[in-house]
Amino acid sequence: MIRVSSAAKAFVAALAAGAATAATAVQDGTFTTGETVTTVLAVLGALGVTYAVPNRQPDRAVPGRGL
């Protein structure tokens, strides 16, 4: 099983949130101050929330109960 650290998980979430927000913001051809603030808040929010939520620990296999 691949183990993903909380920092890596948070970085990927922030990148996805920033990219989605920025792509939506530039649909009209400009990037306004309000859109910049929204993009920064989306990145920071994704970083903070994703980093704060712990990774789920795998369930232990119990003999006789399958995986």
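## Threonine 50

Threonine 50 is buried, its relative accessible area being 18%, which is below the 20% cut-off for burial. The model that gives this value is a predicted one. The residue is found in helix 2.

The side chain of threonine 50 reaches the backbone oxygen of alanine 46 at a distance of 2.7 Å. When neighbours within four places in sequence are left aside, threonine 50 is in contact with Lys9, Ala10 and Ala13.

## Helix 2

Helix 2 comprises residues 33-52. Its 20 residues reach 28 Å from the first C-alpha to the last, close to the 28 Å expected at 1.5 Å a residue. Thr39, Ala46 and Thr50 are the buried residues of helix 2. They cover an arc of only 30° around the axis and therefore lie on the same side of helix 2. In general, an α-helix has 3.6 residues a turn, so residues three or four places apart point the same way.

The face of helix 2 turned away from the buried side carries exposed residues, namely Thr33, Leu41, Leu44, Val49, Tyr51 and Ala52. The cover over the buried residues of helix 2 includes helix 1.

## Helix 1

Helix 1 runs over residues 6-25; at 1.5 Å a residue, its 20 residues should span 28 Å, and the distance of 28 Å between its end C-alpha atoms agrees. Its buried residues are Ala10, Ala14, Ala17, Gly18, Thr21 and Ala25. Seen down the axis of helix 1, these buried residues fall within an arc of 100°, so they line one face of the helix.

Val12 and Leu15, on the other side of helix 1, are exposed. Helix 2 is included in what covers the buried residues of helix 1. Ala10, a buried residue of helix 1, is also one of the residues in contact with threonine 50.

## The chain as a whole

The secondary structure of the protein chain consists of 2 helices and 0 strands. Of the 67 residues in the chain, 13% are buried. Among contacts with a separation of 6 or more, 67% are between residues 24 or more positions apart.

The protein chain exposes about 5400 Å², and carbon and sulfur atoms supply 67% of that area.

Notes: Residues are numbered from 1 along each chain as its sequence is written. This is a predicted model: local features need pLDDT of at least 70, side-chain atom pairs count only at pLDDT 80 or more; totals for chains, interfaces and linings use all residues. Side-chain values use heavy atoms; hydrogens and water are left out. Helices (H or I, at least four residues) and strands (E, at least two) are DSSP runs, numbered from the N terminus. The expected span of a helix is 1.5 Å times one less than its number of residues. Buried means under 20% relative accessible area, exposed over 50%, partly exposed in between (1.4 Å probe, protein chains only). The arc is that of the directions from the helix axis to the C-beta atoms. Contact means heavy atoms within 4.5 Å. A polar contact is a pair of N or O atoms within 3.5 Å; within protein, one must be able to donate a hydrogen and the other to accept it, and residues adjacent in sequence count only if both atoms are side-chain atoms. Accessible areas come from the Shrake-Rupley method with a 1.4 Å probe; for residues, only the protein chains shown count as cover.
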